[in-house]
Amino acid sequence: IIWMTDKTSPYVYKSTNGGSSWTSVFSTGADAKAYGMVIGNDGVNEKIYIGNDGVGVIKSTNGGSSWSTVNPGGLAISDVATSSNGTIVYALDYSNKRVYKSTNSGTNWSQCAATGLALGGTTPASGIGASPDGNTVIVADSPADALFKSTDGCSTFSVISSITTGTSAGQVNFPYQVEVRA
């Protein structure tokens, strides 16, 4: 199964045949501008989380047949990340420059202390990723051309990379998304 989010209506699509055809899941409740998407599986349910601009975070546990809002408090969510089992979930609020965390699959949320996470510029951070156990969190801050890392579940962060900007080979401009797998 392939999932895709789009910034124009109908926003969320699903393919069950390797991308040969696509079905909108707009009518099932995924009906806001979808940005980041992440999937976790606890062995029983596949948990799909989508950051929806203006809504917060939506979640499906039945393959996208229905969605529920599991709002962490911020409505301008640019990306979401989860542990491999979908229990620990992070949401990046790009408008307020905050990180939210849930340790129970989105039922309850708290704002991370995020000490040391100095999100810069008028264009906010855009990407967040989490390790399979959910303890390591990486935030991509496009305006600062930097990646921030937390190894304590988002209490404290430090810069792990200042990326040289430019257009030459080997240079990266505006890190946008990040994924953590080890």
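Mentor: Start with the contacts of the protein chain: among those between residues at least 6 apart in sequence, 38% join residues at least 24 apart. Keep in mind that this is a predicted model.

Trainee: What does the secondary structure of the protein chain come to?

Mentor: The protein chain has 0 helices and 15 strands. Buried residues make up 48% of its 182 residues. The accessible surface comes to about 8,200 Å², and 48% of that belongs to carbon and sulfur atoms.

Trainee: Why is the link of Cys112 and Cys154 called a disulfide?

Mentor: The sulfur atoms of Cys112 and Cys154 are 1.8 Å apart. The cut-off is 2.5 Å, so a pair of cysteine sulfur atoms within that distance is called a disulfide. By this rule the count comes to 1 disulfide.

Trainee: Which parts of the chain does the pair link?

Mentor: Distant ones: Cys112 is in the loop between strand S11 (110-111) and strand S12 (127-130), while Cys154 is in the loop between S14 and strand S15 (158-162), 42 residues apart. The link is left-handed, with -75° about the S-S bond.

Trainee: How do you know whether Cys112 and Cys154 are buried or exposed?

Mentor: Buried means under 20% relative accessible area. Cys112 has 7% relative accessibility and therefore counts as buried. Cys154 is at 3%, so Cys154 is buried as well.

Trainee: What does the side chain of Ser150 reach?

Mentor: The side chain of Ser150 reaches the backbone oxygen of Thr156 at 2.9 Å. A polar atom of that side chain also lies 2.9 Å from the backbone nitrogen of Cys154. The limit for a polar contact is 3.5 Å, and both distances are given as 2.9 Å. Ser150 lies in strand S14 (residues 146-150), and its relative accessible area is 0%, so Ser150 is called buried.

Trainee: Which residues have the most contacts inside the largest nonpolar core?

Mentor: Tyr90, Val99, Leu117, Ile128, Val139 and Phe157, in a core of 16 residues. Strand S9 (89-93), S12, strand S13 (137-141) and S14 each supply at least two residues of this core. Leaving aside neighbours within four places in sequence, Leu117 is in contact with Val99, Val139, Phe148 and Phe157. Apart from this core lies another, of 10 residues, among them Val38, Ile77, Val80 and Trp109.

Trainee: What makes Val38 count as buried?

Mentor: Its relative accessibility is 10%, and therefore Val38 counts as buried; the cut-off is 20%. Val38 lies in strand S4 (residues 33-41). Not counting residues up to four places away in sequence, Val38 touches Lys47, Ile48, Tyr49, Val80, Ala81 and Thr82. The C-alpha atoms of Val38 and Ile48 are separated by 5.9 Å, with the two residues 10 apart along the chain.

Trainee: How do you know that S8 and S9 pair?

Mentor: S8 and S9 share 5 bridges, in the antiparallel sense. At least two bridges are needed, so such strands count as paired. Ala81, for instance, has Tyr90 in S9 as its bridge partner.

Trainee: Why do strand S8 (77-82) and S11 stand at the edges?

Mentor: The open sheet has 4 strands in the order S8-S9-S10-S11, with antiparallel pairing. S8 and S11 each have a single partner strand, so one side of each is left without a neighbour in the sheet.

How values were computed
Residues numbered from 1 in each chain as written. Predicted model: local features only at pLDDT ≥ 70, side-chain atom pairs only at ≥ 80, totals over all residues. Heavy atoms only, no water. Buried < 20%, exposed > 50% of the residue type's maximum accessible area, 1.4 Å probe, protein only. Polar contact = N/O pair within 3.5 Å; in protein donor to acceptor, adjacent residues only side chain to side chain. Contact = heavy atoms within 4.5 Å. Areas by Shrake-Rupley, 256 points an atom, 1.4 Å probe, with all protein chains shown as cover. Core = buried A, V, L, I, M, F, W, Y, C linked by side-chain atoms within 4.5 Å.
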